[in-house]
Amino acid sequence: MLIDLDKCTGCGACVVACHAENNVPVQTEREITRLRAMHWIRIERYWKGAYPDIQARFLPVQCQQCGNAPCEPVCPVWATNHSPTENLNLQIYNRCVGTRYCQNNDPYKVRFFNFFDPTFEESLTNQLNPDVTVRTAGIMEKCTFCVQRIRSAEHAAKLEDRALREGDVVTACAQACPSGAITFGNVKDRGSRIVRTSGDQRGYHVLEEINVRPAVTYLAKVLHSTEA
Ligand code: SF4
């Protein structure tokens, strides 16, 4: 995944789309004040400068699907483990016993624990995505790169007896982003847009110094001399 911070306006459409696609419950004010907010993708907001010459900076953050994920080796039951073929950091809900070791070892803080069974407004239950499990109390959950969409595209391609093509899989956040800041693609396809763009000199990984090899590349915001 590639996120161009020069295009991100911090609108939050990706957050809402992720909630809708992945049946992520909206926490109550009481839970949020107890530090139990739950968003599989969140918009980190930073301020640059001092009032009145102040500017906002935004950084969408979700599971970085690390190639060397620190959350994986600490799980005592292998509920979180690695898909070597897709380089996805998997979360097996019905194996999770809720120790939360993975959450403690997650440098990006993108894993969320279900303290209670989620509740959804009666008027919204028909909106739940039938392709995605509603997670119960006592387990850990996080961004999957919309793995249900990946599987659906794989099945469609298989029926047509062809390989996955560029654009077959679009994550909910990428689909909803009005400015096209998020790109999702296959890094093994050397001609794909994501491979061509991730070589941009603005590209970097968040916390790359801790060697977790994240699969999300950010493109730095372009600053004009008066903004630097
Ligand atoms: S939808 Fe796009 S522009 Fe809006 S916050 Fe998310 S990444 Fe940024």
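Helices (H or I, at least four residues) and strands (E, at least two) are DSSP runs, numbered from the N terminus. Welcome to a predicted model, in which local features need pLDDT of at least 70, side-chain atom pairs count only at pLDDT 80 or more, and totals for chains, interfaces and linings use all residues. Residues are numbered from 1 along each chain as its sequence is written, and side-chain values use heavy atoms, with hydrogens and water left out.

- Gln65 sits in the loop between E3 and strand E4 (80–83), and its phi is near 45°, a positive value in a residue other than glycine.
- Gln65 is buried (under 20% relative accessible area, with exposed meaning over 50% and partly exposed in between; 1.4 Å probe, protein chains only), because its relative accessible area is 0%.
- Asp161, in the loop between H4 and helix H5 (172–176), also has a positive phi, near 55°.
- With a relative accessible area of 72%, Asp161 is exposed.
- Between Tyr51 and Pro52 the peptide bond is cis, with omega near 5°, and Pro52 lies in the loop between E2 and E3.
- For context, most residues other than glycine have a negative phi, and most peptide bonds are trans.

**Pockets**

- A pocket here is an open set of points on a 1 Å grid over the protein atoms alone, where a 1.4 Å probe fits, with protein on both sides within 12 Å along at least five of seven lines; lining residues have an atom within 4 Å of a point.
- Volume is the space filled by probe spheres set on the points, which are joined across faces, edges and corners.
- The largest pocket has a volume of about 820 Å³.
- Its lining has 28 residues, and Glu86, Gly185, Asn186, Val187 and Lys188 are the closest to its centre.
- Helix H4 (147–159) and helix H6 (193–198) each supply at least two residues of this lining.
- The second largest pocket holds about 440 Å³ of space.
- Of the 21 residues that line the second largest pocket, Pro25, Val26, Gln27, Thr119 and Phe120 are the closest to its centre.

- Gly49 belongs to strand E2 (residues 41–50) and counts as exposed, at 56% relative accessibility.
- Gly49 and Thr136 are 87 residues apart in sequence and 43 Å apart in space, C-alpha to C-alpha.
- Ile54 is part of strand E3 (residues 53–62) and counts as partly exposed because its relative accessibility is 36%.
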